[in-house]
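Dear colleague,

Please find below the structure that I am handing over to you, followed by an account of what was found in it.

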Amino acid sequence: MAVTRDEVISWIKAYSQVIAENKDYLTDLDSAIGDADHGANMHRGFQAVLAKLPVVEDKDIGTILKTVGMALISTVGGAGGPLYGTFFIQASTKLQGKMELTLTDWAAALEAGTIGVVNIGKASVGDKTMIDALNPAVQALNGTAGQELSMTEALKKSAEAAEEGMRGTIPLVARKGRASYLGERSAGHQDPGATSSFLLLDTAANVWAKR
Amino acid sequence: MKKLINNPEEVVLEELKGIEKAHSDLVKVHYDPNYIIRADAPVKGKVALVSGGGSGHEPMHGGFVGKGMLDAACPGAVFTSPTPDQMLEATKAVDGGAGVLHIVKNYTGDVMNFKMAADLAKDEGIDVEAVVVDDDVAVKDSLWTAGRRGVGLTVLMEKLVGAAAEEKRSLKEIADLARKINGQGRSMGMALTSCTVPHAGKPTFDLPEDEMEIGIGIHGEPGRARMKIKPADEITEMLMKPIVEDLPFKSGDKVLLFVNSMGGTPLIELYIVYRKAVEIAEKNGLNVVRNLIGPYITSLEMAGASITMLKMDDDLIKLWDAPVKTAGMRWGI
């Protein structure tokens, strides 16, 4: 059971829609412990991604995701641009030439993307960042290895782990990014980056679920 | 929200068009990617200075492009770091063959985007150095934070290093000078109100009428602590104390004292603060040799002020006094 190239494109388009719908929510989260620009930045970035997609719609999955990453780097700005851009570019390195994703492919890509984010952002789990959603998702996926789960079930477990990680950021004191300037005051608020990361994986789980 | 804007999505673009019309004698504006360069760029044989950051801090950085200060400024979306292609293209546009210095405020996004741009520029054969400004004493510089923010000292750095570049000092000398300046300046800010980011439509945080935020940055985020508002003299004490103690400034030091409006606080109040800040400086044995008072590094319409103090010496005093001709700062020409 695999996810096709066209289903990967559907995921990106669906996420752009999710971001558009959640722009104000992400902005609110980023107002509590940041500078209120995460929603607008991600929306701008993914609108630019949508504009670039037609050019690569017939290419392999690696090329598509690399294009997504580069579009984000040149339009999102802030920390989100380099972080999300690197996530997609690094994920794409595991998917060169592929026209479909197996669960193993996706696990490798998600892990590579997450490692990429850690390499440039230097965040650890518990710092109250997107890593707090991405890392559990990677662990959950890797944990399904021997279990003979369907793609749908594995993606669902991974998204649930990301959701738990996202909610887990609420009590944390931020140690990275703008929220860290607030010190203890950052506790009690959900991290906007962890939220947009959870939404990314949740959208994948929904779009790629086989009925 | 009440702002003098049109479509919130077009704020930066329309601002750039206005700058282009107003200051064509000083700067050229490039769009897609967006950057502002001095009208006579590239200046051959001179180290070029490139900075940038989110919009919303005007006059920093676009208002500081011109003779004696920056060669290029890259404006991001409001409060959002600009993207690597902006800095890359700006670097190429102002490279005069003597190397380029990136002045980068210490924010996660700024540092990452500037680093990507510097790497790309180096790949194209341009000699690029970067200096990170991290003067804010409100944030503990520790493993547990993103490090100290780059705030008021950035303005002073751009002026001082800009003058050094006009003297045709080398890239290494200028980078060393910039790091020296970074090492001997400290800042602290406070807010009486938050500010409203155009696309957000409402203030970033709610501050009750009788409260203030201490230890703020320049992006409208809450500060380190919130408390009941106090009179200006007490606030000035609360800002000056950590600045003096952190460096620490010592009796006999010559200093430049910079009282900055966050955008919404008028000059009448800044002078009240300055009066008290000088008194505190002198009580600590400091000799205030130069000053800067006004809105230079702002946070949209936030009411509040920040103080920056920089230890000076004869060379820095000479560089400060050197001519500068930009929209946001002009003397000697």
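**Chain B as a whole**

Of the 333 residues in chain B of this predicted model, 56% count as buried. The chain contains 8 helices and 14 strands. Its radius of gyration is 19 Å, close to the 20 Å that the globule rule gives for 333 residues, so chain B is as compact as a globular protein of that length. Along its principal axes, the C-alpha trace of chain B spans about 55 × 50 × 40 Å. Among the contacts in chain B with a separation of 6 or more, 73% are between residues 24 or more positions apart.

**The two domains of chain B**

Chain B is divided into domain 1, made up of 10-184 and 321-331, and domain 2, which covers 185-314. The centres of the two domains, taken over C-alpha atoms, are separated by 23 Å. Where they meet, 24 residues of domain 1 are in contact with 30 residues of domain 2. On the domain 1 side, helix 4 (153-166) and helix 5 (171-183) of chain B each supply at least two residues. Helix 4 of chain B gives the most to that side, with 4 residues.

**The contact between chains A and B**

Between the chains, 26 residues of chain A are in contact with 31 residues of chain B. On the chain A side, the elements that give two or more residues are helix 1 (5-33), helix 2 (38-56), helix 3 (61-75) and helix 4 (80-92) of chain A. The largest share, 3 residues, comes from helix 3 of chain A. The chain A residues that touch chain B divide into 8 nonpolar, 12 polar and 6 charged.

**Helix 7 of chain B**

Helix 7 of chain B comprises the 17 residues 267-283; at 1.5 Å a residue they should span 24 Å, and the end C-alpha atoms are 24 Å apart, which agrees. Which residues of this helix are buried? They include B:Val273, B:Tyr274, B:Ala277 and B:Ala281. These four cover an arc of only 110 degrees around the axis, which puts them on the same side of helix 7. As background, an α-helix has 3.6 residues a turn, so residues three or four places apart point the same way. On the other side of helix 7 of chain B, B:Ile268, B:Tyr271, B:Glu282 and B:Lys283 are exposed. The cover over the buried residues includes helix 6 (232-246), strand 10 (254-261), strand 11 (287-294) and strand 12 (304-312) of chain B. Helix 7 of chain B is followed by B:Gly285, whose phi is positive, near 80 degrees.

**B:Lys105**

B:Lys105 is found in strand 5 (residues 100-105) of chain B. Is B:Lys105 buried or exposed? B:Lys105 has 30 other C-beta atoms within 10 Å, and is therefore buried, the cut-off being 20 or more. Leaving aside neighbours within four places in sequence, B:Lys105 is in contact with B:Gly53, B:Asp110, B:Val133, B:Gly150 and B:Thr154. B:Lys105 and B:Arg149 are 44 residues apart in sequence, while their C-alpha atoms are 6.9 Å apart in space.

Yours sincerely

Technical notes:
Residues are numbered from 1 along each chain as its sequence is written. Chains are lettered from A and ligands numbered from 1 in the order in which they are written. This is a predicted model: local features need pLDDT of at least 70, side-chain atom pairs count only at pLDDT 80 or more; totals for chains, interfaces and linings use all residues. Domain bounds come from an automatic or database domain assignment. Two residues are in contact if their C-beta atoms, placed from the backbone, lie within 7 Å. The radius of gyration is taken over C-alpha atoms; the globule rule is 2.2 Å times the number of residues to the power 0.38. A residue is buried if 20 or more other C-beta atoms lie within 10 Å of its own, exposed if 12 or fewer, and partly exposed in between; C-beta atoms are placed from the backbone. Ala, Val, Leu, Ile, Met, Phe, Trp, Tyr, Cys and Pro count as nonpolar, Asp, Glu, Lys and Arg as charged, and the others, Gly among them, as polar. The expected span of a helix is 1.5 Å times one less than its number of residues. The arc is that of the directions from the helix axis to the C-beta atoms.
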